[in-house]
Amino acid sequence: MKTKLSLLALCIAGLSCTSAIAATDPAQLEQAIAKQEAELNKLKHDLAELAAHQKMQQQQQEAQAEVVATATKELIESKWNKFSFKSYGSMTYTSDEYYQNVQDTSPERRSRFDLERIVTEFGYQFNDEWDMEVEIEYEHGGTGTALEYDGFDEFGEFETEVEAGGEVMVEKAELRYRPSDEFGVKFGNIHLPIGLSSILHKPDQYLTVLRHRSEAAMLPAVWNEMGVGIFGELANFHYQAQVVSGLNSEYFRTYDWIASGHQKRFEHVNADDLAYALRLDYGNFKKGSAVGVAYYYGNTTGNRHKSNKVSGDGTVSILAVSGAFVQGPWILRGQYLNGTLSDADAITQANKTTPGLKPGNFAQVGSESEAFFVEAGVDLSHFTPVPITVFANIDYSNPLADVDTGIASKRYENTWTSVGINYFPIPEIVIKAEAGRQQVAVSSIPDTNFFALGVGYQFSL
Amino acid sequence: MKQLKYSAVAIALISTLAACGGSGSDDSTPPPTDDKFEFAATEMITNLTDDVIISGYSTLAMKGEEMFLASQTLVANKTQANLLAAQEAWKAARQPWEQGESHIFGPVDSLSIDPHLDSWPLNTADLTGVLANNTGGFAADTIKGWNDDIQGFHTMEYLLFGDGVADNQKDVADLSISEAEYLMGLSEVFRDYTKTLDDAWKISHDGQAASKAYGELVKAPGTADNTFYASQVGVIQELVNGMIGIVDEVGNGKIADPFGTSAATADTSKVESQYSWNSLTDFSDNIIGVRNVYQGELTGASDKQGIIDFVKAGDESLALRVGSEIDDAIIKIQAINGSNNMPFRQAIADAEGRVRIQTAVDALSKLQASLESDVLPLLNKWKV
């Protein structure tokens, strides 16, 4: 190996010697210079070519990038991108103790499944300011019932069309114009901001298996009405003000106060009496901590089909105060509802004596109604790897808190206390379990225990 | 040529048809019947409306007035004799009401008179609250605004007879002032409703001055201003369905619900009229009401046209069979009390009593089947 390298060194040395000798000859030198010049020129030419090629390549790349950018922009502006789809739903299993009748004091345990609801929500963003949203709810997996008032039949008839066990209904169908965060307008079939269920109705937004029983015994669940509203946010204050269709007092009942008067049961919504709703929140209930106050006011007599049966206005006013504290693992939410109804006695009398209208034994309506709930939870995933939230809940409602004359029965004053868990195998799915006790304020009616399981989901595309 | 052929075929056909017709008209056998029967229903409908239904409601209104007077007397003078008299007045009002349940259509339904008068079961928890809060009597108008489960027959029954567990006797000393006063308020409300019902059949069906009496509407179906009944078929159908309804309710509801599948599952809380021990009288009165409509007269009255005459026109043997099935059901219900006059609320938990109850239920089922599958279909065979 060494010999090889030495040989190479010798050769190189020899070569340099020859060139040195050759340089002495001018002709030879000239030739060499010319040759070098030619080589240099060739090199320059090659370089120029390379630069041109590179430039072209760069141009091509730029063009390509432009195509990609346009395509991306087009994709963003495509129809599909303006479309949104959301869905949520829940299925429950409940095991409750029931009384067969008002005489019965030995409750019987009954269990049942319920495909509580499947909700699909379609949205479309027309442009930066305008969008629309339609929410269709399938309750109890079925179709539905419509009630129609036929004024030409006999002396006016309430006709019920029963189509199947459940209900399919448009829960929301609204158009929104939102030029800025501070101000927006929505109209159509809109959610009333009265009652936290209207704001927090997805399964992962409340801790109990069923939505809060206190609110269901007093207000329409996820209350929606036809109307127009303004909304917006200013420095973490959220406001809403609405003018919407009112309630119909023909269907007010003892056990759920004005809730059954929600005109969703009718084919047409009588709009002779309108209602007004206001809400002001500091913070955002959907996102976390907040405090808020809401007020509802509206007359109901005008919306009766037989409007001459009640002389007063039948004014409903509801005050709702709510609060939520959601921080780290801690969740605490609560709401207090207080409602008053004017002409409650007149409504009771009218509902008892309207031919064909059968509130039957539940005609007596409270002049005052009251309900509250408090739910508190701890998200254990902050302390352990298990995504479980444990909670405790108390619901209280008394739709017959007071009556115009006589004394109010305590039969409808209920308190539900419970504890349970929410388990999130993945963030979009929640599995819930709850066990608790129901107390009726009548001492002769024994307390009953209940148990409930539920599974819910929610996602948005 | 072709035309000639067709003509020939046509001629042949025509002559054949003509021959057929000819042979028929020559035949001495009668033409095939259309399987229909004739019956003039006007007299029957008029009679059932006036002599059975309206007559029954008039009696009820009268007994309602007497009940109110008896309770007034009791409040004014709380003696055992006056309590017994009020108990008797209650039972006397109960009879026309229960018999009237065989035709529980029209104003009794549309004006919600039934739940106002006869809601069952009684809400004793609320009643206790009401009695405890008595501040100087109970005004009828106030009571009317309260829910039906603390008024009507069974609330009065509870106040008059006690809880009915051990017996149906109440000592007047156990009747508190509040109870007596509430009873008086209740019987006034009761009296008013029975009067409203009577008036609805006789004067105006909905209380409006311009409206016709419901009785007039039943008796004149098919007239231009009658939006209730388009024809006599509709009236008879209503009457027969009324009979079916109460037979079903007595057999499958009033008796079967508390009866359960065994003595262990029998449920006294579901026994109607358990405080007065009047249940068996109620049940048999219900079926006597069916007999009134069927026969066309109240028990003991002279014979008038009833549903039986309609059935006879269609199927004579069926008419007799249904008549005896009704009588049989009444007898079997009355026999539930056995040899020792056992009330229904005790009989459901008694081995022998349960056998007798089952016999009565079977008789009612048989009657219901006949009414549904034999009597009701006769309407389709009636040549109107």
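Q: Which conventions sit behind the values?
A: Residues count from 1 along each chain as its sequence is written, chains are lettered from A and ligands numbered from 1 in the order in which they are written, and side-chain values use heavy atoms, leaving out hydrogens and water. As this is a predicted model, local features need pLDDT of at least 70 and side-chain atom pairs count only at pLDDT 80 or more, while totals for chains, interfaces and linings use all residues.

Q: Why is the meeting of A:Lys352 and B:Asp148 called a salt bridge?
A: The rule asks for a side-chain nitrogen of Lys or Arg within 4 Å of a carboxyl oxygen of Asp or Glu. Here the N to O distance is 2.9 Å, so the pair qualifies. Across the interface of chain A and chain B, the rule finds one salt bridge.

Q: Which residue classes make up the side of chain A that touches chain B?
A: That side has nine nonpolar, 15 polar and five charged residues. Ala, Val, Leu, Ile, Met, Phe, Trp, Tyr, Cys and Pro count as nonpolar, Asp, Glu, Lys and Arg as charged, and the others, Gly among them, as polar.

Q: What makes up the area buried between chain A and chain B?
A: Buried area is the accessible area (1.4 Å probe) that two parts lose on being put together, summed over both. For these chains the value is about 2,400 Å², with carbon and sulfur atoms giving 48%. On the chain A side, A:Gln103, A:Lys352 and A:Asn361 lose the most, together 28% of what that side buries.

Q: How do you know which residues A:Val134 is in contact with?
A: Contact means heavy atoms within 4.5 Å. Leaving aside neighbours within four places in sequence, A:Thr120, A:Glu121, A:Phe122, A:Lys172 and A:Ala173 are its contacts. A:Val134 itself belongs to strand S3 (residues 130-139) of chain A.

Technical notes
Helix = DSSP H or I, 4+ residues; strand = E, 2+ residues; numbered from the N terminus.
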